[in-house]
Amino acid sequence: MKRAALLWLVLVLAASAYLLTRLLGGVQFQTDFTALLPQEERDPGVQQAKDRVAQILNRRIVVLIGDRERATARAAGAALAEELRHSGLTASVTYTTSGDGLRKLGESFFRYRFGLLTAGDRALLQQGRGEEIVARALASVYGPIGIADANLLRHDPFLLLPTYLADLPRPLPRLAPDDGVLSTQDGQEHYVLITAELAGDPFALAFADRFVARFDQAEQRLRAATPDLRVLRLGTIFYAEAGAAAATRETSAISIVSLLGTVLLVLAVFRALRPLGLTLLAIGTGVICAFAVSLWLFGTLHVAALLFGVSLIGIALDYCLQYLTARFNPEDGTPAQRLRRVLPGIVLGITTTLIGYLTLLLAPFPGLRQVAVFSAVGLVASFATVLLWLPALDQAAPLAHGEGLLRAAGWLWEFWEEPRRRYRWPRQVLCAALAVAALLGAWRLRAEDDIRRYEALSPPLKQQEAELRRLTGINGGTEFLLVRAADEESALETEESLLDRLQQGKAEGVLSGFQAIAQVIPSAARQRDNRTLVRDRLMAPFLASYDERLGLPAGAAHDVGDPGPLTLAAIPAGSPLALLHDLDLGAGTGGAMHVVLLYGVARLGALRQIAEAVPGVRLIDPVGDLTRLLGQYRRRAVLVLALSALLMLPVVYWRYGLRGGMRVALPPAIAVLATPPLVALAGVPFTFFNAMALVLVLSVGFDYAVFCRETDAAHRPATMLGVWLAMATTLLSFGLLGASRVFAVHAFGITLLVGTLLAFFAAPVAGTSTTNRSRLSQGGQ
């Protein structure tokens with residue numbers, strides 16, 4: 001045993017050294033909730049499109065700065081843009097609309113001008129109504145704000161290119177250029193817009209902390225100079241940082257309350273520091289080993305996994321507390337005797353608990369796999385500490401105090417088995433009330449899989465987002481259309497067919513807008529057809545008389561020619577249309593792939609019909625896909641729960657026989673079956689995370705039942721005191737998760753709170769008044 005204890009010491013020291021090295025080197029904790037979820041998209045092209053759109057949306061921030069004085073708002077906007085630009089944390093910052101960028105865009109498009117027609121101009125020429133285009137051009141030339149000069153008219157007499165550029169989609173419909181800055185006015189307030197693309201992952205906690213801290217500092221300096229300045233921010237990184245900060249505060253609060261509660265509880269019961277030291281030793285080795293092994297296996301950890309890992313404290317203490325409460329038995333005078341007394345129970349308890357934890361590995365959720373590994377390693381480490389170190393470190397004599405504690409701890413057993421029927425009616429009333437409450441809860445029980453319920457978004461940020469969207473007209477979502485074709489030309493032709501239907505859907509209120517490559521870059525076939533229309537239905541019938549009216553020399557340079565097709569490569573990187581490059585996914589599986597961004601989707605079903613009507617187009621709804629996925633895995637989680645029970649039953653049947661095993665299985669069965677409807681009474685729906693929590697309820701229930709079954713009449717009070725303490729420490733850890741504002745964590749915690757109480761309440765049912773070790777070893781009742 002000494003050799004094993006020394007070997008365990010070496011392993012714990014190695015884990016401590018590895019953990020210290022990793023922490024000093026910096027650990028990137030994940031904050032993206034979707035990282036907890038599986039990626040089940042079997043089509044690599046669709047997954048690539050989802051990743052690209054998520055990157056576009058997640059790495060972008062939008063800021064509005066407003067003040068009653070236009071000059072103040074513009075100065076503040078310029079200062080913040082400069083701060084972001086020099087922070088080293090952004091890939092690009094856009095504040096002023098570069099005239100040079102617009103000029104370069106016009107130059108790039110100019111040689112292709114006769115192949116570029118707005119939908120309206122194309123329809124006019126197809127209908128033989130070219131004279132309307134002529135009249136519009138004349139109005140532009142002779143109007144009070146004429147936009148054409150002689151050079152432009154010689155090369156683009158009907159001003160087709162300016163009309164085309166002016167008709168391009170505007171993602172921010174309520175903003176207009178004001179002296180080079182996109183601006184809007186709301187009452188007396190003047191607002192200016194800043195957009196930026198981040199240079200790092202917004203879900204990387206260290207990057208998010210640095211960026212938001214830099215942004216907050218810049219905002220504070222601006223407000224110090226202008227107290228009435230309004231700064232509205234929108235971006236995934238702000239939500240991610242706020243969520244991570246809230247999770248960190250919750251983790252700290254739960255850790256402190258759990259640890260302090262456990263310390264005070266142990267001191268109150270044992271009235272000595274040695275049991276406290278042994279308890280903290282078991283906890284510490286469990287947490288250190290769990291943390292080290294998890295980082296070694298996964299490379300990083302999700303903050304939610306850490307939050308769940310805090311709950312390890314309560315479960316890991318069960319075995320330590322069973323050993324320590326054995327000191328209340330006078331006949332167990334030595335540490336070896338105490339260990340022999342509790343060893344069968346804690347071995348069986350950790351076996352069933354590990355079965356429950358390890359079944360979490362069957363769930364294809366990366367976050368829950370982290371929780372499973374963290375918890376399982378921590379339990380094994382704590383168990384090894386109890387087995388190998390505590391007997392060597394615990395040389396104290398049996399405790400002389402505690403008669404009142406032991407009597408109080410044994411009351412629950414008396415409630416269930418007291419032979420004088422004193423508690424018969426209270427038992428029946430309590431069981432009936434529990435049954436009625438469970439039935440009422442079953443009537444209210446409903447499933448909830450909507451992924452949007454799972455993310456706790458900062459209310460102040462949500463208010464800013466709503467105001468910013470109102471002022472700018474931004475109305476984006478996560479839905480998009482994926483266009484797949486054999487080559488780029490076919491993809492553009494497919495988009496052109498799709499755009500007509502989307503325009504009709506926009507008119508019918510299906511969506512508020514969209515953005516596609518084909519809105520700017522027509523297919524080569526469409527450009528050839530446009531040039532033919534311009535030559536045959538505009539130039540030929542109207543050009544001579546038009547030139548004469550303008551006083552241009554006959555035969556001016558109006559040759560339509562064939563410069564080839566305009567392609568996406570013609571759009572310069574700094575132009576307002578640079579986003580279109582992100583919508584081209586390049587050569588994917590089976591050919592070209594384009595993304596069509598959608599704004600303000602109001603009727604998803606109608607949009608799906610539009611997509612299905614065009615071959616090669618698929619509506620991608622990441623939120624809907626994740627919601628459906630959660631529903632599938634909620635049902636799978638119930639199967640995992642059943643599998644856990646099936647794997648635990650042979651262990652208890654082997655130890656206790658059929659009748660005894662059924663009695664041991666009864667308390668966890670009551671807890672698992674009654675918890676969901678009782679939780680539903682509080683308005684908590686049944687989710688995947690509730691189902692996963694029931695796996696742990698099952699494990700805890702078997703723990704308590706096994707401890708009760710393993711004891712005999714002489715040692716029952718000390719055993720029940722250990723179960724009481726185990727329940728209390730579990731509630732201090734798991735139960736506190738129910739106070740979390742993160743929906744998934746709250747669902748997990750509240751389920752464990754109710755389930756643990758039920759498992760504890762029913763635990764004495766597993767034992768009998770005549771239980772003794774000899775009968776147990778023979779598989780007695």
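1. Glutamate 496 and arginine 526 form a salt bridge, with their closest N and O atoms 3.9 Å apart. A salt bridge here is a side-chain nitrogen of Lys or Arg within 4 Å of a carboxyl oxygen of Asp or Glu. Glutamate 496 sits in helix α21 (residues 488–507) and arginine 526 in helix α22, so the pair ties together parts that are 30 residues apart in sequence. Glutamate 496 is buried, at 9% relative accessible area. Arginine 526 is partly exposed, at 26%. Buried means under 20% relative accessible area, exposed over 50%, and partly exposed in between (1.4 Å probe, protein chains only). Helices (H or I, at least four residues) and strands (E, at least two) are DSSP runs, numbered from the N terminus.

2. A word on the source. This is a predicted model: local features need pLDDT of at least 70, side-chain atom pairs count only at pLDDT 80 or more, and totals for chains, interfaces and linings use all residues. Residues are numbered from 1 along each chain as its sequence is written, and side-chain values use heavy atoms, with hydrogens and water left out.

3. How many salt bridges does a search of the whole structure find? The search gives 25. Salt bridges that share partners join Asp186, Arg230, Glu467 and Arg470 into one network.

4. Two salt bridges lie within single helices. Arginine 223 pairs with glutamate 219, closest N and O atoms 2.9 Å apart. Both belong to helix α9 (residues 205–225), 4 residues apart, about one turn of the helix. Arginine 223 is partly exposed at 31% relative accessibility, while glutamate 219 is buried at 12%. Arginine 469 pairs with glutamate 465, with closest N and O atoms 2.9 Å apart. These residues are 4 apart in helix α20 (residues 459–472), which means about one helical turn separates them. Arginine 469 is partly exposed at 23%; glutamate 465 is buried at 18%.

5. Arginine 113 deserves a look. Its place is the loop between α4 (99–110) and α5 (119–126). Arginine 113 is buried yet has no salt bridge. Which side chain of opposite charge is nearest? That is aspartate 156, 5.0 Å away. For charge, Lys and Arg count as positive and Asp and Glu as negative; His and the chain ends are not counted. The side chain of arginine 113 does reach the backbone oxygen of histidine 155, at 2.6 Å. Beyond neighbours within four places in sequence, arginine 113 is in contact with His155, Asp156 and Leu161. Contact means heavy atoms within 4.5 Å.

6. Histidine 594 is in strand β10 (residues 591–599). Is histidine 594 buried or exposed? At 1% relative accessibility, histidine 594 is buried. Its side chain makes a polar contact of 2.8 Å with the side chain of glutamate 488. Another, of 2.7 Å, goes to the side chain of glutamate 495. A polar contact is a pair of N or O atoms within 3.5 Å; within protein, one must be able to donate a hydrogen and the other to accept it, and residues adjacent in sequence count only if both atoms are side-chain atoms. Residues touching histidine 594, not counting those up to four places away in sequence, include Leu481, Val483, Ala491, Ile517 and Asp584.

7. Leucine 580 lies in the loop between α22 (524–550) and β9 (584–588). Leucine 580 is buried, at 1% relative accessibility. Apart from neighbours within four places in sequence, leucine 580 is in contact with Gln515, Ala516, Ile517, Val520, Leu568 and Ile571.

8. Now the nonpolar cores. The largest has 102 residues, and Met692 and Tyr704 have the most contacts inside it. Helix α24 (residues 622–681) supplies the largest share of this core, 19 residues. A second, separate core of 50 residues includes Ile56, Phe109, Leu499 and Ile517. A nonpolar core is a set of buried Ala, Val, Leu, Ile, Met, Phe, Trp, Tyr and Cys residues joined through side-chain atoms within 4.5 Å.

9. Last, the overall shape. The chain has 28 helices and 11 strands. Its radius of gyration is 35 Å, well over the 28 Å that the globule rule gives for 781 residues, so the chain is more spread out than a compact globule. The radius is taken over C-alpha atoms, and the rule is 2.2 Å times the number of residues to the power 0.38. The C-alpha atoms fill a box of roughly 120 × 55 × 50 Å along the principal axes. Of the 781 residues, 54% count as buried.
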